Amino acid sequence: MNLTDAPRGGAPDAPPGGQPLHMVTTSTATLPDTVRRLMAEDRPLFIGLVVEHTGSRPPHLQYVWMGPEARWLLVDVAVDGTVVPSITPTVFAADWAEREAEDLFGVHFDGHPQLGDFILHDEDWAENLAPMKTRPEPPAHGGGRDPYEPPRIVQAPGRFVMPVGPVFSAAQESVRFLLETVGEEIMHAHVRLFYKYRGLEKLMERQAPDRAVLVAERVNGTQAFAHGLAFAQAVEALGAAVVPPRARTIRTALAEWERLRSHVATLAGIVESTGLSIPANLLAAVEEHLLQLSARYLGHRYLFGLVALGGLSRDPGDDALQALARAGVEAGGSVQAVCHRLTFDNSFLDRLEAVGMLPPARAATLGLVGPVGRASGAPADVRCWHPYAAYGKHLVTPVIESEGDGYARFRVFRREVAASVDLIQRCAAALPAGPVQTPVPVVPGVGLAAVEAPSGALAYWVRAGSAGQIDRCHIMAPAFLNWHGLADAVRDFAFQDFPIIVSTLGLSVADADR
Amino acid sequence: MPWFWEGLKRDVHTLPPGVARLPSGVTPGRPTTTAVTAEDPFDADICPVGALARRDAGVAVDFDHCIHCMRCQPPKAPVQWQNDYRWAEAAAPPLPPRFQRSIHVRIVDAGDCGGCLSELRQLLGPVYSLHRYGIYVSPTPRDADVLLVVGPVTVGMRVALEETYAAMPDPKRVVAVGVCALNGGLFADSFAVSGGASRVVPVDVTVPGCPPPPLAILHALELVTGARRETREVAES
């Protein structure tokens, strides 16, 4: 969606229904009321908070929500000064987005429950750096304040904090969990992300879009195609480029191919965490097989370099896609066979059923997205809500479960494997002819696009400048929204359940630590 | 017990040593130094990371910077690609001979995008089955002989990496896995990144690639132990 010339509704009480874009402009003072009114009449999905703040100009904030029927809801805040009333008391999903904005831009949110040490860890960075605000170069790191102490949530005799991470004893991503407990059960979990914060949004600034797409792919290497696609679609929206039908269909097939591999890896991780090594290895073998097929037919095991602005960098050919579709059926069959046997395995079910509870009401409050949200009854699926690529032609039915426990998430991942296999076949059987790329003029303005990455709704907000460079890029990643739900999922469960619950959420750290 | 029979019924998934052909897909391949004539239309700027350079009689490739974007793949550019996997290079001698039969490795994710870590997971998985070579992932740095570093070493992971290295007993070796760990890769210019493992700990073996395939990482571990392993017999396709 090109936001450059978007109509700005001044009246905050106008109903958002009907129009694809509803942009509400509000002042700092009326922001909480505006948001409260908008949330009361519609329950859209919170996606993120975009901040633009350079030099001496006042910060410009844009809260982004997504609704069904291709609707966007944007609340545009013109800020006077640097203090903004927090919307977190109304929209809990905005909690981390506001903490991020405070840490990186120095915008203070009045009434927010917890600000401070978040992305820039106190022990590594000086205070009040606001590195995203500074131009041309952000300040060097260094500072070394006192080590981080989590706020004390549990007030009980014998309470202590069990630290886990950031380095683990396997090939695992760096993240630190601080688990508050009095003994056997986790009473509160503090997730400390951003050990891997790479400053990618700052890095993309001043880059040409056709280079920045390479960075976007490497935000999360295991979901590279989704990230590249979301970025490319945001830039294409700016230039009003029409991607050729063949490229749209192939993009759909490859996005599903990536979802298939990612979900198989997640399922293997869930089974591994329950200690059943034989089914875990059977699933892991399928994952490696899919990686090899990716390299054979598409050139790269993780689909790097395939997305290009205006389509695809090259045409894999009909034969390759049909071969992938056939291989997908075979791989999907192996996965379903293993999963079917697992549903009769008591030692597996006991570890997942009624474990890691995220009831629908709580999941809605937390604003969980993707398979994790859908396992808690949230219907959000970008492929249905905002059909992109060829999803308007090849329709998807969202896979929804309502229990919100680990087993519901396992079933969602499993059913989505089957749905992806089916969709790849449908795409491969109906490949239009023609080119796979169209030139994309980089027009100054703002583009916004979303895709359903394997782990959920992923949106890119891109402002391009007059010289064809990126002035600001904001990555609204699903893992950033879903890690927020971990503390709820593990509350009151025993330590031994912790790795199992984390694996059922299927979250990437790199996705959040962009 | 039912799972035991279920596992036995399935085929062997492990890549057999000494097969005549490398299964396609275990390596994504990489560009190789190619001879081009002066008339060939070749523009080194097609490489977004500057890994290609025109030399007198051809195109030279700087593997330490190549990120597999495939923009120089034929027919877009006259650069040949090769399907090998022996990408690792050692700057230090292997560990003493007593380490040949078994080593313990410690993996530190210092800002990886997930690609290199996923390849390491495949290496530990059923297809490459690292354990059959006597290579184990250590739960503690105190027992580790080899440190595998992935990622460009972010500011947040710098101390963890230093402390892990310091906690390992001598003799020890450090393997930098992936272009990011070599020199920061695409992230090198970021303010939150140190720009490669060698800025923080002494690196002995490097494996380029974005990400390097599992067999390339295995090759690096061979260089560390100095052992000639069975996969060496695997011919290239």
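Is B:Glu162 buried, exposed or partly exposed, and how many C-beta neighbours does B:Glu162 have inside 10 Å? Here are some friendly notes, with that residue taken up in point 2.

1. A word on the basis. This is a predicted model, in which local features need pLDDT of at least 70 and side-chain atom pairs count only at pLDDT 80 or more, while totals for chains, interfaces and linings use all residues. Residues are numbered from 1 along each chain as its sequence is written, and chains are lettered from A and ligands numbered from 1 in the order in which they are written.

2. B:Glu162. With 13 C-beta neighbours inside 10 Å, B:Glu162 counts as partly exposed (buried means 20 or more other C-beta atoms within 10 Å, exposed 12 or fewer, partly exposed in between, with C-beta atoms placed from the backbone). B:Glu162 sits in helix H3 of chain B (helices are DSSP runs of H or I with at least four residues, strands are E runs of at least two, both numbered from the N terminus). Leaving aside residues up to four places away in sequence, B:Glu162 touches B:Val200 and B:Val201 (contact means C-beta atoms, placed from the backbone, within 7 Å).

3. The chain contact. Chain B gives 53 residues and chain A gives 52 residues. On the chain B side, H2(B) supplies the largest share, 7 residues. By class, that side has 31 nonpolar, 16 polar and 6 charged residues (Ala, Val, Leu, Ile, Met, Phe, Trp, Tyr, Cys and Pro count as nonpolar, Asp, Glu, Lys and Arg as charged, and the others, Gly among them, as polar).

4. H6 and H8 of chain A. The axes of H6 (residues 245-273) and H8 (residues 318-342) of chain A come within 11 Å and cross at roughly 25° (axes are lines fitted to C-alpha atoms, for helices over the stretch in contact, and angles run from 0 to 180 degrees between N-to-C directions). That makes H6(A) roughly parallel to H8(A) (under 35 degrees is roughly parallel, over 145 roughly antiparallel, 65 to 115 roughly perpendicular and the rest oblique). The crossing is left-handed (the near helix is turned anticlockwise from the far one by less than a right angle; clockwise is right-handed). Contact residues include A:Trp257 of H6(A) and A:Gly328 of H8(A), and the contact divides into 12 nonpolar, 1 polar and no charged.

5. H4 and H5 of chain A. Here the axes of H4 (residues 209-217) and H5 (residues 224-238) come within 8 Å and cross at roughly 150°, and H4(A) and H5(A) are therefore roughly antiparallel. Their crossing is right-handed. Among the contact residues are A:Glu217 of H4(A) and A:His227 of H5(A); the classes are 8 nonpolar, 2 polar and 1 charged.

6. A sheet in chain A. H5(A) also lies across S13 and S14 of chain A, at about 150° to S13(A). The open sheet there has 3 strands in the order S13-S14-S15, with antiparallel pairing (strands pair if DSSP finds at least two bridges between them). S13 (445-453) and S15 (470-476) each have a single partner strand, so one side of each is left without a neighbour in the sheet. S14 (residues 456-464) joins S15(A) through 6 bridges, and A:Ala464 stands opposite A:Ile470.

Note on methods:
Contact = placed C-beta atoms within 7 Å.
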